[in-house]
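Hi everyone, thanks for coming. Have a look at the structure on the screen, and I'll walk you through a few spots in it.

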Amino acid sequence: MTAGDANPQHGALLEDRVLVAQGQPQVFGTQLTQAPDRSLVPHPPSQPGRR
């Protein structure tokens, strides 16, 4: 892969997925979790209200 080949959106997805898997807050708000009412809600972001 050469520079510029990757879609920046994929980087955001990957970063959030790794952070959530490590039990840390996500940055971009791309990862969801299931609420008690079975609806999907975003995992908490690192800075609520930033994005």
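Let's start with α1, where the buried residues are Ala-12, Asp-16 and Leu-19. Looking down the axis of α1, those buried residues fall within an arc of 65 degrees (taken from the directions from the helix axis to the C-beta atoms), so they line one face of the helix. "Buried" here means under 20% relative accessible area, "exposed" means over 50%, and partly exposed is in between, with a 1.4 Å probe and protein chains only.

Quick background: this is a predicted model, where local features need pLDDT of at least 70, side-chain atom pairs count only at pLDDT 80 or more, and totals for chains, interfaces and linings use all residues. Residues are numbered from 1 along each chain as its sequence is written, and side-chain values use heavy atoms, leaving out hydrogens and water.

Back to α1: on its other side, His-10, Leu-14, Arg-17 and Ala-21 are exposed. Helices are DSSP runs of H or I with at least four residues, strands are E runs of at least two, and both are numbered from the N terminus.

What caps the N-terminal end of α1? That's Asn-7, with a side-chain oxygen 2.9 Å from the backbone nitrogen of Gln-9. Just after α1, Gly-23 has a positive phi of about 80 degrees.

Next, Gln-26, in the loop between α1 and β1. Is Gln-26 buried or exposed? Its relative accessibility is 0%, so Gln-26 counts as buried. A polar atom of its side chain lies 2.8 Å from the backbone nitrogen of Gln-31.

Finally, Asp-37 sits in the loop between β1 (32-34) and β2 (40-42). Asp-37 counts as exposed because its relative accessibility is 58%.

Note on methods
Polar contact = N/O pair within 3.5 Å; in protein donor to acceptor, adjacent residues only side chain to side chain.
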